[in-house]
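Welcome, and please take a moment to look over the sequence and the model below. We will then walk through some of the contacts that link its parts.

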Amino acid sequence: MAETITNQTFEAFLSRWLISQEHHLHDLLQLIESGDEQNEQMCNNLISDNIAHYKQYFQAKKTLARQNVFLVLAPTWISSFERAHLWIGGFRPRLAFRIVINNVFDLTEDQTQRINRVMAEIKEEEDQLTHEFDKVQERMISSSILELTRQMGRALRNGASDRNMETAVDTLKLSIEALVECADFLRRKSCGKIMEILNPTQCVRFLAAAAQLQVNLRRLGMERDGNRLHSS
């Protein structure tokens with residue numbers, strides 16, 4: 001990815017990334033269906049490829065967030081259905097645990113206990129971030145109202161500037177950027193902790209289920225938006 005990322009360049013990147021995502025999903029499903037998922041080396045190779053693929057996405061997203069964090073919070077390159085399920089610019093970390101529970105059926109008792117412990121830890125951190133994000137949003141609303149009031153006042157004073165307001169808005173933006181980075185860290189942490197608990201075969205099934213969910217949500221969302229556009 002280039003150092004400077006715009007809405008258009010990130011959308012182009014994501015389009016290519018999603019095509020690669022479908023190829024990775026195909027490889028994962030092919031391994032599962034072939035019965036070779038017990039081959040640890042083959043599993044590990046696919047796991048490494050998928051982790052590298054997700055790292056590309058998070059790095060590009062981090063660069064974009066530092067340039068325009070509001071595009072990350074309200075992206076224009078996804079469907080309205082996908083946008084409705086966003087949590088601080090991405091999926092909720094606890095979703096990863098639901099994917100495991102619904103798709104990996106051979107967990108041992110020890111694995112189940114460890115996953116439940118990590119899930120409780122991630123849920124607590126997710127709730128804390130949600131609380132912090134809500135507070136920042138409240139400050140944003142207050143600042144917007146204050147800005148409108150000040151603009152009216154400046155107009156009456158023939159356009160006198162107010163640097164304090166600009167500083168306050170910049171501070172809010174930095175707070176949001178920090179929260180998005182924390183949210184992405186927690187997303188990566190949840191998946192990383194899960195994969196530490198699973199064996200290679202289970203990791204393949206987890207990655208396949210996660211990718212399948214993402215692909216299906218996008219197709220459904222784009223289909224709904226298309227139908228809505230045609231009916232209007």
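**A walk through the contacts**

R218 and E82 are both buried, where buried means under 20% relative accessible area, exposed means over 50%, and partly exposed lies in between (1.4 Å probe, protein chains only). Before going further, please note that this is a predicted model, in which local features need pLDDT of at least 70 and side-chain atom pairs count only at pLDDT 80 or more, while totals for chains, interfaces and linings use all residues. Residues are numbered from 1 along each chain as its sequence is written, and side-chain values use heavy atoms, with hydrogens and water left out.

Let us stay with charged side chains. Side chains of opposite charge can pair when their charged atoms come close. The structure holds 14 salt bridges, a salt bridge being a side-chain nitrogen of Lys or Arg within 4 Å of a carboxyl oxygen of Asp or Glu. In one of them, R218 pairs with E82, and the closest N and O atoms are 3.3 Å apart. This pair links distant parts of the chain, with R218 in helix α8 and E82 in helix α4, 136 residues apart. Helices here are DSSP runs (H or I, at least four residues), as are strands (E, at least two), numbered from the N terminus.

Another salt bridge joins R219 to E22, with 2.9 Å between the closest N and O atoms. R219 belongs to helix α8 (residues 200-231) and E22 to helix α1, so this pair ties together parts that are 197 residues apart in sequence. R219 counts as partly exposed because its relative accessibility is 48%, and E22 is partly exposed at 36%. What of D184 and K61? Their side chains meet in a salt bridge of 2.8 Å, N to O. D184 is in helix α7 (residues 163-197) and K61 in helix α2, so the two tie together parts 123 residues apart in sequence. Both D184 and K61 are buried. Elsewhere, a network of salt bridges links R92, R94, K123, E126 and D127.

Now turn to the rings. A search of the whole structure finds six aromatic pairs. Rings of Phe, Tyr and Trp (its six-membered ring) pair if their centres lie within 6.5 Å; planes under 30 degrees apart count as stacked, over 60 as edge-to-face and the rest as tilted. The ring centres of F10 and W77 are 4.8 Å apart and their planes meet at 50 degrees, so this pair is tilted. F10 sits in helix α1 (residues 7-34) and W77 in the loop between α3 (69-73) and α4 (80-84), so the pair ties together parts that are 67 residues apart in sequence. Both F10 and W77 are buried.

W17 and Y57 make a tilted pair too, at 5.2 Å centre to centre and 40 degrees between the planes. W17 lies in helix α1 and Y57 in helix α2 (residues 40-67), so parts 40 residues apart in sequence are tied together. One aromatic cluster takes in F10, F13, W17, Y54, Y57, F58 and W77.
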